Amino acid sequence: MSTCAAVLAAALTACGGGGGGGPVFPPVVPVPGPAPVAAGTRTTVALLETTDLHFNVRSYDYFKLAEDKSYGYERTATLINAARKEFPNTVLLDNGDTIQGTALADYEALVSRIPCTQPLSIYKVMNATGYDAGTLGNHEFNYSLDFLNQVIGGGLDVEGVDGTKKCAGPTFPMVLANVQSVKSGKPLLAPYTIVTKQFTATGPDGKAVTVPIKVGVIGFTTPGILNWDKRFLEGKVSTQGAVEAATKYIPELRAKGVDIVVALQHGGLDASPYSPTMESPGLYLSKVPGIDALMMGHQHGTFPDPGTNPSYKQPGVDNKAGTVNGVPAVMASSWGKALGLIRLDLVYDGKAWSVDKTKTAVEVRSTQTGKDGAGKAIYVDADPSVAPLIETQHRAAITYVKTPIGSTDFRMNTYFADVGDPGAIQIVNQAQADYVTTYIQANLPQYASLPVLSVSAPFKSGYEGGRDYTDVAVGNLAIFNAADLYLYPNTVYAVKVTGAEIKGWLEAAAKRFNKISTSVTTDQQLISTFPGYNFDMFTTPDMQYEIDVTQDVGSRIKNLTYMGAAIDPAKEFVIATNNYRATSGGSFIPALDGRATIYASPDANRDVLIAYIKAKKTITRATNGAARSWRFTQVTTAGNVVFTSGQGQLGAATDAGLANISVLTPDDGSGKGRSVYKLDLSK
């Protein structure tokens, strides 16, 4: 016997038992699994939400080329870091409208497209922070499905897109339950994901233990994407209502053993009757069984709102408890100005985890921490790790937006666009009308005899505070100024409407104003909650009209004339507008549901504006900023009619020839840099 054979034989003998016939191996020692969770074990989970970041990585305004500490993800990141120190168990989620909204976003999507090997700057910093999951908002679709496929890393099985292409994207899963691919008949993205995390907990004996918690995350976007980005999505994707999608998929999540379910709804709260196409179905989604927490967005609001007059007070909404129909819910403002937090306390009964609703807490943590002695807002410091991650792209975007395109002899702003200043609106209308006229004359002879007009709106009209206004200084005009004049990446559309439909359109736009009583002696607020970006207006001597704010909605447009004569209700016009209004403006007039469109251009309104300024070179108030189409009907009121705008901006009204404006209160006390102005309707 060889030495090796002898050793083997000895070993086998040593392992044998009794008189054995074959080898007996050492017993297998089982690897211990996780210890069973004892009944009575408790743990606390902090669900953290960002929403509507709109690519505001830095606290920087690319339109003003200046720091703005009132927003920016680099400050939200500071809140996230603090929450993680406070709560050992956290889940960080993003609710969409993430990849669009700043000049940096446009730069990486349209000007110098981010390469496949590099993540978008916003995703780069989110990856570094360590998100657990996210969903898509409507603005994720603004730059095409091909671009979306690239920046989320690939995988979209839709017509015209190579879903097999793998690119750098978010390192966290993206979920979307209510959008389907027409090509495959399947969800565009995974409808949900299960995030399993090891959390610290306290056993019934008071000792610390580690337990696995499975968090189911499901996402929903607004079905309005089919209208707003029709040029990219038509025939390629379909949508269903959030309630229908939740009813289908949440039972699947529960069947897979998740411990809690979080719904990411890129939408908010609307008390209108439920429809599968509604933008903000939170009141109805919250009623779907199986949802433990609801995270909302899209409306750029704050919920819960502890103020005396909260924005959301529909039936079923509890701002004190932070619940919607009993479900903990949060909406964390926009632009990185806040962090949403839902604290859930979980208790294990020996079989499953359940939420102890008596200990649930919901809050929105603002990046604004207070005010200094002079009343100036104080904000948390930026997380110093964020800015260096995108410095190269940040600088490239600044260089791009400084590209000169012309000059202006007047200050173009929207501080008083709501009360009659066309200074920042007329140039947009002129560019749109010129573009559509040129196209029709060359390509659509059947419409060549129709008058071509244009409507636009003050896209920045103070919603975010006293600095949220378009403001372009006298002197050189650059691309960043054009981006300030036209905020959104819309495309130019042309619609054919009648004189009667124009009146209906303007009546809808006049919802911007509250009804004013001539006999009330106390202050009356002029501006309603109707968004400024929906206040469409003409700015041409050819179209003239009055808005009578003492009348009910729908009966405010008076003395509507075209070329000096009362408008013919049957006369046809071509109106230049944008894809948003032309395809989803059915609430204005029925024809603005797409049926009135005669030309859906591929060109962005902003690019059309840039080309127009380049061609004109010199922009003047006399030619490009003084044509008022509308005025308020003159009435005398017993009390003040008031509105807010930026502090210290009365000179802008004076420059525009608005002699009926005066300052009533220099500081409205909101901490948002606004003054209260008085409008004298008798002048």
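Reply: What follows looks at one strand and its neighbours, then turns to the rings. The model is a predicted one.

The strand is S11, residues 260–265. Of its 6 residues, 6 are buried, so S11 is largely enclosed by the rest of the structure. This holds for both faces: Ile 260, Val 262 and Leu 264 are buried on one side, and Val 261, Ala 263 and Gln 265 are buried on the other.

S11 pairs with strand S9, residues 208–220, through 6 bridges, and these two strands run parallel. Within that pairing, Ala 263 of S11 is the bridge partner of Ile 218. S11 also pairs with strand S12, residues 293–296, again in the parallel sense, over 4 bridges. Here Leu 264 stands opposite Met 295 of S12.

Now the rings. The structure contains 28 aromatic pairs. One of them joins Tyr 71 and Trp 335 edge-to-face, with 5.2 Å from centre to centre and 80° between the planes. This pair links distant parts of the chain, 264 residues apart: Tyr 71 is in the loop between strand S3 and helix H2, and Trp 335 is in the loop between strands S16 and S17. Tyr 71 is buried, at a relative accessible area of 5%. In another pair, the ring centres of Tyr 348 and Trp 353 are 5.1 Å apart and the planes lie at 55°, so this pair is tilted. Tyr 348 and Trp 353 are both buried. Tyr 73, Tyr 123, Tyr 131 and Phe 172 make up one aromatic cluster.

Definitions and conventions:
Residues numbered from 1 in each chain as written. Predicted model: local features only at pLDDT ≥ 70, side-chain atom pairs only at ≥ 80, totals over all residues. Heavy atoms only, no water. Buried < 20%, exposed > 50% of the residue type's maximum accessible area, 1.4 Å probe, protein only. Pairing = 2+ DSSP bridges. Phe/Tyr/Trp six-rings, centres within 6.5 Å; stacked < 30°, edge-to-face > 60°.
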